[in-house]
There are 4 protein chains.
Amino acid sequence: MVRPTGSKLKVAVLAATGLVGQRYVSMLSNHPFFRVAEVTGQSSVGKKYGLATAGTNLPMGQDAKSLTVKPTSAYSLDNVDVVFSPLPTEVAMPLEPELVRAGFNIITDASPHRMDRDVPLMVPEVNPGHLELLDRQRKVREWNGLLVATPNCTAAGLAVVLKPLHDSLRLKRVIVSTLQAVSGAGYPGVPSLDILDNVIPYVKDEEEKVETEPLKILGEVGVDRIFPAKFEIGAMVHRVATTDGHLESLYVETEERFEPERVSKILAGFRGEPQKLKLPTAPAEPILVTNLEGRPQPKLDRYAGSVPGMSVVVGRIRKGLDSKSGRLTLLSHNTIRGAAGSTILTAELMYRKGLLG
Amino acid sequence: MVRPTGSKLKVAVLAATGLVGQRYVSMLSNHPFFRVAEVTGQSSVGKKYGLATAGTNLPMGQDAKSLTVKPTSAYSLDNVDVVFSPLPTEVAMPLEPELVRAGFNIITDASPHRMDRDVPLMVPEVNPGHLELLDRQRKVREWNGLLVATPNCTAAGLAVVLKPLHDSLRLKRVIVSTLQAVSGAGYPGVPSLDILDNVIPYVKDEEEKVETEPLKILGEVGVDRIFPAKFEIGAMVHRVATTDGHLESLYVETEERFEPERVSKILAGFRGEPQKLKLPTAPAEPILVTNLEGRPQPKLDRYAGSVPGMSVVVGRIRKGLDSKSGRLTLLSHNTIRGAAGSTILTAELMYRKGLLG
Amino acid sequence: MVRPTGSKLKVAVLAATGLVGQRYVSMLSNHPFFRVAEVTGQSSVGKKYGLATAGTNLPMGQDAKSLTVKPTSAYSLDNVDVVFSPLPTEVAMPLEPELVRAGFNIITDASPHRMDRDVPLMVPEVNPGHLELLDRQRKVREWNGLLVATPNCTAAGLAVVLKPLHDSLRLKRVIVSTLQAVSGAGYPGVPSLDILDNVIPYVKDEEEKVETEPLKILGEVGVDRIFPAKFEIGAMVHRVATTDGHLESLYVETEERFEPERVSKILAGFRGEPQKLKLPTAPAEPILVTNLEGRPQPKLDRYAGSVPGMSVVVGRIRKGLDSKSGRLTLLSHNTIRGAAGSTILTAELMYRKGLLG
Amino acid sequence: MVRPTGSKLKVAVLAATGLVGQRYVSMLSNHPFFRVAEVTGQSSVGKKYGLATAGTNLPMGQDAKSLTVKPTSAYSLDNVDVVFSPLPTEVAMPLEPELVRAGFNIITDASPHRMDRDVPLMVPEVNPGHLELLDRQRKVREWNGLLVATPNCTAAGLAVVLKPLHDSLRLKRVIVSTLQAVSGAGYPGVPSLDILDNVIPYVKDEEEKVETEPLKILGEVGVDRIFPAKFEIGAMVHRVATTDGHLESLYVETEERFEPERVSKILAGFRGEPQKLKLPTAPAEPILVTNLEGRPQPKLDRYAGSVPGMSVVVGRIRKGLDSKSGRLTLLSHNTIRGAAGSTILTAELMYRKGLLG
């Protein structure tokens, strides 16, 4: 694919009229590397994208608004450089491999292929090296395109925090209790009758994802697979009546002493390759540490940081029950850091590494 | 104090116009052992109780409604057999000892004296024997009355569940993450601006209470003190936008194997002395176990059981990360099982044991 | 149909696993006139009703729990004396006439046939005489069964209040602004993302219903139709983040002087035929008037009165902009007074009049 | 007062640590005409403003953060050009006249002096000419400073919409039903227990303000007073569980025919003097008209427009019960258009007219 220097890569956003799809299109307005060239949907096929999403209060670029919504299928997509796929599980499962075979480069938010042996599961600050798996993927699968995955919305923010913790203190066990926003279930998602004046201590399949995905993300890349990090995660998940922002409280057991002040500095000082490369969607600080009482909070902190929604905010860093355990609470925006934002950041990293286009 | 056989004990409810005070008066309507003889308050002193609480939707006995609200002080109380005290901490701290010295029998929801060496901290299903401490209390303190305490609203429900778990599996460590209702902070309590579309991962002084009180409650009574149970509790507390019902998710480490089906039976089969004595406020089942997906939930389960609000509902009993650990979620009504209901149940137990009146 | 004296009429509840369907079955537990003999559903056909509704916190009779859920069709129903139909509009439209032709007596909450010329639209306290239309219905339609309708959930409570107002002051114009609970949209109904921290100033087709149905209900019965009451209603509807209880604020213009104290007495004194007949589901007072500041409120007042959810609570009765106008706020439980409760009350009235069975 | 050309006016923000106070300081960051030179407060006197408001998620200028919070009194303020006063009523009543006598120019959000004969009650798009009253004020009162008022938060947005309606259709009567956000009551304001799963059909003193203030704002300026506009407003107010944004549904009776399409154009085309002068806080369009179903909505529309929170969004423009009546719903941000934003816009207008500094 030959492209004039300086021109932007063409992006297709699948399910672009959905909750996360709209985030993508909004975050890609005026993006320096990418431009939205295709949008797909279901009930609004044939409409202009601006009309199909007229009710949104997210800012949308004029170019994207004038695109016509296409059906979500391999046949309907033109030649694009990368495809962002926030498809529902049951649609993604068969369609994504088909698209990759057809030559598309896909970065997916969907869960079916996240734990596949040769699919990198990316949080760009944490495991940029996992993209090496793509060599293997290309060879073994004989795909024309490639498939990269973004983690579960709860796991993504968690992995950002676990990375510097594990590097410095060697994690043994993490017990995480989540309080997740309703937007995590998409739209229409959680019925209001289920959540007004209520909490649901369950999200289907979520605990398994939260317990396994971060271990892959923090794992070591081998020739043909990722060797998962060697600690354990136990999850207890809850849905609460917040619109955006997943809050997670962690109890961690570590090999090294957990000293809150030191941990605070380690987290605040964490930087990854996206920060070094100054990627457009990379927040200046992947982790913001707050000492304010009773923080982080979804309403106040979900858009904190230099790139709104991309920084994970951590507070209440305190001791555990012994010297080698500790506690903290983190907040991460589930449709940005937990979905569209992380995917775009991965795409930026891949672009810089010459893996797209 | 000589009382005609069959007559009811006279009760004073302090802070009776408050959120928990109203629960007391409502639960004591037509009580077989007790009748509300005195109510105290602050801003409505001099008004009829029915008028002072005209806005409530709790059913109130006609007798109580016609009482005049008195100020909260030793001087204003007549000769009553027992005093229920849901006073704010800073009022309870000096006033309660003063009242006990003046000869009143107090059962308090307030925190200042809960951990005092000779003050029984009661959950009647769990530690009825702790009332023995009162002998010592009477001797050492040279009080004319007595002081008994009810635990923190989060600790009360937790202790009910930990008791059969500890008895059968020997607990080593409990990590508990709470999602607490706003009524736990009283009225006016949590400002709506702080909790709409939000979660607060903090409640002042709560974690310390949740970590220590259950250990005293599950402890062994000695001559002059309670020897606390020998396991550890680590707490991570959160306030959420629910009106009533504290939800708590537990990760437990045990000496014995944690087998979910067996644990389920143990919890469901738990009975205490209040059940044997068929005390009026004792629920038939202190713990209700549910197998329904995503339960318990505050909105659906807070009034479950034979005495609404007195049963703790437990669900999601499942394995932990190894064979000697497990997880579960419990729900307990914070102003009933966590305050007024537990206190009344304690009073019923004391009445039956001849410790009142 | 011959029935042994004293035996109860057999009732079928359609869509019995839905939100309103569950209300019906719960309210019919231990009903003196009726017993639930059939329940229909969609996704849980073939299951026991108790299992299909295991998650509910409404009390359900043991008999009903052991029924098997049947599909909703004319073929699946046995010989029952009356059918309660809270079916969705699009299902009710074709099915209900079919069922009536097949000989069933249907009282429906569904909207399609409410404004049909010969279908009584019943609020038993307001228009018991409208049942006379059934003679005409039987003759003209040549139906074996009969069809009676219950009004829209907002219109039902409104009609209860407008009746005594119109009788005493002669209404000219009513401007009503509603704040409706999410349960009014059924389950799953309103997505939580649409209503958390939000208000929707629109409910599809609702304003038209609120503007026309009460006029029919307060109308005069003629030989072959109802002549609608001769005043006007203008509606502005809103969906808000409450679970149950529709609140409606009215500005009324009247022929007579609107004197708040007098209006208060008129409303509080209103009684209808159900009260005279002491029907089981008739509240002692159809309208409860409150003088408490800032009342009625959904959370506090939705279950007020002798039959929970059947009384309409009215407050803030005050003058309008001139002597012949006034304002007030009413609250009525949308799935009880606005649906299941009103329908059952209508059935009770019909039973007493010998129109069923 | 001589000021170097181009220098900014010095502003004092009273009660600057409060909910509205923080809005002021945030909106004045990098303001081209004004700089915050003084901030006052109550509990945080002596602290740096940045520290006193550390928990906010509003962006604050670095200069403001480094100011020291002073007590709210005439003695503590240095020589500033204008004072913004979002003080509570009971503090404002005595203090504001004292400050004006001491020579300060005050624009107040507080209610006590809004209806004073010689105090302009300003919505800059609506009644810029009312500032003429200040001549009279200065003469009669013999004040050194001046006092200008901003309307009630509900009345401000309402006045913006009523102005073009009245100019074009001559209003006779307006019935307005409000659904007001909790931030309208300040902080801590509405207890969460009062508003979760609830609606309160009452806000103290609000209806009187909504019924009188817009008439003054739309009135004609005379020599020594404002002659109020000659139509009537009837209000029915409600508090709902939204954080920000007051929604108001209007039923209007007019002298001219109410034709929805024409009204839509009139409202969308409305411009005032702030737009002509291109004042910094003037939105390009004071009224944004939406045709989207079920809009405006607080969550989606409160920050609409070119200056977030300053445009009033109007939707559901439709006919009333006759040709000379109509209905519509408006949404206006209660702490921006309804408080800080309107006041700053008034200050900008006064600055341009040479009335400040």
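Author: One thing to have in hand before we start: copies are superposed by least squares on the C-alpha atoms of residues with pLDDT of at least 70 in both. Keep in mind too that this is a predicted model.

Reader: Okay, so what makes chain B and chain C related as by a two-fold rotation axis?
Author: A rotation of 180 degrees, with 0.0 Å of shift along its axis, puts chain B on chain C with an RMSD of 0.0 Å. The two copies are thus related as by a two-fold rotation axis.

Reader: Which residue of chain B comes closest to that rotation axis?
Author: That's B:Asp197, with its C-alpha at 3.2 Å from the axis.

Reader: How do you know that the copies meet through the same surface?
Author: Of the interface residues of chain B, 100% are also interface residues in chain C, so the same surface is used by the copies. The contact takes 7 residues from chain B and 7 residues from chain C. On chain B's side, they split into 4 nonpolar, 2 polar and 1 charged.

Reader: And what is the secondary structure of chain A?
Author: Chain A has 12 helices and 14 strands.

Reader: How much of chain A counts as buried?
Author: 62% of the 357 residues in chain A do. The cut-off is 20 or more other C-beta atoms within 10 Å of a residue's own.

Terms used
Residues numbered from 1 in each chain as written. Chains lettered and ligands numbered in written order. Predicted model: local features only at pLDDT ≥ 70, side-chain atom pairs only at ≥ 80, totals over all residues. Contact = placed C-beta atoms within 7 Å. Nonpolar A, V, L, I, M, F, W, Y, C, P; charged D, E, K, R; others polar. Helix = DSSP H or I, 4+ residues; strand = E, 2+ residues; numbered from the N terminus. Buried ≥ 20, exposed ≤ 12 C-beta atoms within 10 Å, placed from the backbone.
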